[in-house]
Amino acid sequence: MVQMDPSEVEFLAEKEMVTIIPNFSLDKMYLIGGDLGPFNPGLPVNVPLWLALNLKQRQKCRIVPPEWMDVEKLEEIREQERKEETFTPIPNPHYMELTKLLLNHASDNIPKADEIRTLVKDIWDTRVAKLRLSADSFISQLEAHAKLDNLTLMEINTTRTFLLDSLNSMYKLRASLQPQPAAKGHHY
Amino acid sequence: MPAERKLMRYGHSEGHTDVCFEDTGRYIVTCGSDGDVRIWEGLDDDDPKSINVGERAYSLALKDGKLVTALSNNTVQLHTFPEGDPDGILTRFTTSANHVTFNSNGSQIAAASGDFMIKIVEVSDSSHQKTLRGHQAPVLSVAFDPKDEFLASASCDGSVAVWNIEDQVQVISWNVLQKSNDVSNSKSLCRLSWQPISGKLLAVPVDRLVQLYERASWSLVSSLSDDFITQAVNVVAWSPCGKYLAAGSVGGFLTVWDVETEQCIEREKHERGYTVCGICWHPSGGQIAYTDTEGCLGLLDNVTDSSLFASKKDKVVAAKKESKYEDLFDEDDDGHFMDDLSVKPTSGTDDDDDDIMPSAARRQKSGTFDDDDDDDTPIDAALKMDKDVVGLPPAVPAVPQQIYEGPMPTRPQKPFQPGSTPTHLIHRFMVWNSVGIVRGYNDEQDNAIDVEFHDTSIHHAMHLTNSLGHILADLSREAVLLACEGTDELASKLQCLHFSSWDTNKEWIVDLPKDEDVQAVCLGQGWGAAATSARLIRIFSIGGVQKEIFSLPGPIVCMAGHGEQLFIVFHRGTGFDGDQSLGVQLFQLVQKRMQVICGEPLPLSCKSYLSWMGFTAEGTPCYVDSDGVLRMLNRCLGNTWTPVCNTQENCKGKSDHYWVVGVHEIPQQLRCIPCKGSRFPPTLPRPAVVILPFKLPLCQTATEKGSLEEQYWRSLLFHNHFDFQLSSGYEIDEEQRCKGQKEQQELLMKMFALSCKLEREFRCVELAELMTQNVVTLAIRYASRSHRMALAQRLGDLALEKTVAEQEDSEHTGYPGTWKKTRCNQSESECEEVQQLGSYREQEVMQEGCLEEQDEQEQMNIQEIGKPGLNLFNKDISHDTLSPKPSSKDGRVNPFKVSSSKAPATFVPSRMTNILDSMTASCKRSSSGVFSGGKAGKDAILKPLAPRPKSKTQTTLLKISGPKARKKEMEKESTEEEGHASQGASAQHSVNIKPKTGFQLWLEENRSSLLAENPDLEETDIIKEAMGHFRTLTAEDRLSWAERAKGQTGEVPDVKKRARVEDNDDFRNDKESNTKKKKTIDTSKLSAFAFNKN
């Protein structure tokens, strides 16, 4: 089984578009992934996160935090997440990666960065706890399938290896407990 | 006149509120459960001043600059007004104070508390405290008798008592109210009110009635009631004249009675039915402000009939207008200049005095307004008298008076820097323009200026300490210009940080003469300018050399610079009834040294003021007024101002605004900052720029015609700057310019086709007059194709005229008009394209047999000019099915023939082909091709009017004899064309032109076999025949041919997937149906054009 690294998920997240305010002037760039720009100093423009971070590191732009990256909105989401038993819809499928990348590289452009970091961590913790809990009940109740809506890639990724491996092991254990000819060769 | 209920607006958080007017009526003051006191300059005030007085404020009273609030922390506090500085605690209770009120002369206050007590204290020193005990429950409200003899109070124990203040004893008490144990449980707040001045009657809200008790006898004289009121009356308030009584009740009913007649004269319902808990009259009557338990503030206007409040309306208008100026006029010095402003307008002479007057220590005080009350102009006197009269009770016989009822002068707006926020703010933008941002901080720790550039390649950000106290700033790519006002000791200074200087001294400072203050600054290229209070414009070079100095005709309002241009707006007189009277000057400074606009009036929206002005990035002056309308200079129409955008149209809320920071003509962008509920943005969080589109306010832009017209004129307007730039010797972007011209011509062609469709031939000719000569030829083709012979004829004449005009034009070196000028320039710019076109043409030259077809192609392209981006590729499909008929051409060529016979032009066949070829290339190409061809040799100018190169065509022409024959031909042709056109419509994807179509390929391969089958056929007939054959092929086959053709050209970029098969089917259907109804041919044919959105 191919394991997906968190950095690979992060890589995928870097395709998310964010708004930047460049401090340089550049015509449209024609890239394989699509056209970017034109860049006018002082005028907001949408670019992928990877470019935004690159420009930010070179101090070529200011990043405008995404709309959801706001203390009030995140608090609301956190409350919602705590209230609901299921996973609530999240404003961005890569919220964790975006938060991490933006706060690490552009915290000076994000008001109340620390609060946001805490809030997103809270949301993350709540969700991952939920995930673990549901995985636990899934296994303990010997369910055959489970429906998990609104999970983000990163969240799935945290549990995938462990869950699948443990399911495999359990399967093997059960199989050895009640050896059945049909079960053999299933895995190999 | 019925009262006008203004929209409610949120003032405080939900909960109990109270309201009162400032003594002059200029301010509405509210308090609420959020513990804030807000000072509103009228209901429209977007930025009320807020004073935090405590955790919750239950009641407030305001008199003589003293603001008294009853708070939840058991105290009654005094604040100064309008500064809001705490001025001590007047009295304390053991529980919260519920109500507080002033006596008639403002020397004492009475406060009612939840601890059953009423206290009366001197405001000046909290002395002479009197305590009135006797109520058995929390006291709801108190009211001073205007003669300061009695005090009335209402309590939760159900009693309303009248006290003798001197003896501190109850005179009388009525048990009329419902009992409750606390104010919060009381059904009504039971705010009492004495009749003003005489104090003859005491109004007591009792359930749904208002009872009036007579002074001294304390008998109930009457009860005012109204069926309209369904719940308990909460508050009552007498009008200042004592004639009317207003009541607000639970459930949001507002009622006004005429007390004498006991008639209810006004009934209003709160728009959401919230309980009214605060009500008060404007000191001059006429207006009632009220608040509700949800924290909203409302206003009833024109409450009583105007006989008593003669010029009330004017005043209201004036007051309203003034409230709109809140950003412009500083609030800090309110105490000084707010006196009576709503009643006492200033006149022009006052301003003059003011400007020459030695400057006071503070800028605010040396503002544009004269605040001197003694300086009575006749208007002032009249108004004052009027005001006095208003205050009198009706019992006093009215003194015969002269009331000034004419138009009221408007306060002239103060000078400002474009792109700056008000100076009283602690953190403010001193300027935000297309170069960068200058921010000013003026808090306890720091008085500093931050300069930041949008483009960091200009210069890095700067942080300066603002020791001089600069309040004005401008920023260009070369320098930062700062200015401060003079003080008693120090002269006003102009400081320039010339960061682009190549020497080591990057800064210079100039002191202005004593008593002359800088009021506005601006920077151009290589120069800076300062407008001063002495009505001088001082020009400095960027390095600090003093240059021109000249006088302004009036006080400066605003100034902007760009390149060599200086744009000044000043007060040219006194505006009336809310309008400003502004004048505008535009100078060319450096080389030409001329005044382009000499003090002409600046058009503003009704009752608005200037809120931004500057130049577009391309150098066209423009400005925005407070109604959000952006106007731009139209240099082509005698320097008139054209409104190009109304930013308010883009706002969601009524009190939202856009704060303009820059205008760009190419691309058309209005850069501004959205401000929710205010006129300007805060410095933090950092506001984001948005782009608004421009839109000329033409009529019916929802219709196709209107929208095309709007686009055309907008395009024309936004390309004007090229002419200006050329004339002032700047380089221009030829590519952009050509693009603009192409766009305009395309729009004209679309409009032309649309008018054709609507059978408006006269309009067609009008449009054609706007076209360039080569586009007229396209129009002629179009007209002839749609069988509008008369139109084609006229267009032919027009084309001829245009040609002649052009010839004359090129002979004259001077450019007589802009239009011609544009065309000449165009011709020059297009010269270079000739060569390019030539090579293109060679590529395109087809074999003889295909010539006819190509002609058809180009006809199609003519039609398709109306839809840029529409599939030119579709011709390969259409050609599949189209049989080119030489004979069919007769009908349309005929009109040309006439005009061409008139024209002295000699026809060159090869040229003809060139032109047509280039036409297929693209509109622009073709147009330039024709045009440059015309330039190269005049003989070919009338080419499009000349007959076809084919001798056969000529002969068929001659054959046409009767109208019948022609009609037949036309019908035949139109069926085909119909198919052709509808085919074009069905094709949606843009594909580039290519020289060969699928049909041509097919024809090449099958020509010999066709010839073998029909040896006696002529060339055109072969094609016809071939068409027929080709049509019988299956769709797939045809597709493959088309694909082959595509493959052959190879370099066709951006070919998108198309449902070609479907297209073909569509086409066939179309064709069938169209042959059946030939009468609808023209209309359906035109459906091929882009104005059909699909």
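Two strands pair if DSSP finds at least two bridges between them, and helices (H or I, at least four residues) and strands (E, at least two) are DSSP runs, numbered from the N terminus. The views below show a predicted model, in which local features need pLDDT of at least 70, side-chain atom pairs count only at pLDDT 80 or more, and totals for chains, interfaces and linings use all residues. Residues are numbered from 1 along each chain as its sequence is written, chains are lettered from A and ligands numbered from 1 in the order in which they are written, and side-chain values use heavy atoms, leaving out hydrogens and water.

**View 1. An open sheet of 3 strands in chain B.** The strand order is 50-51-52, with antiparallel pairing. At the edges, pairing on one side only, lie strand 50 (657–664) and strand 52 (690–692) of chain B. From one strand to the next the twist averages 40°; axes are lines fitted to C-alpha atoms, and angles run from 0 to 180 degrees between N-to-C directions.

**View 2. Strands 50 and 51 of chain B, side by side.** Strand 51 covers residues 669–675 and pairs with strand 50 in the antiparallel sense over 7 bridges. Look for Val663(B), which stands opposite Leu670(B) in strand 51.

**View 3. Two cysteines of chain B.** Cys264(B) is buried, at 17% relative accessible area, while Cys598(B) is partly exposed at 47%. Buried means under 20%, exposed over 50%, and partly exposed in between (1.4 Å probe, protein chains only). Counting pairs of cysteine sulfur atoms within 2.5 Å as disulfides, the total over all chains is 0.
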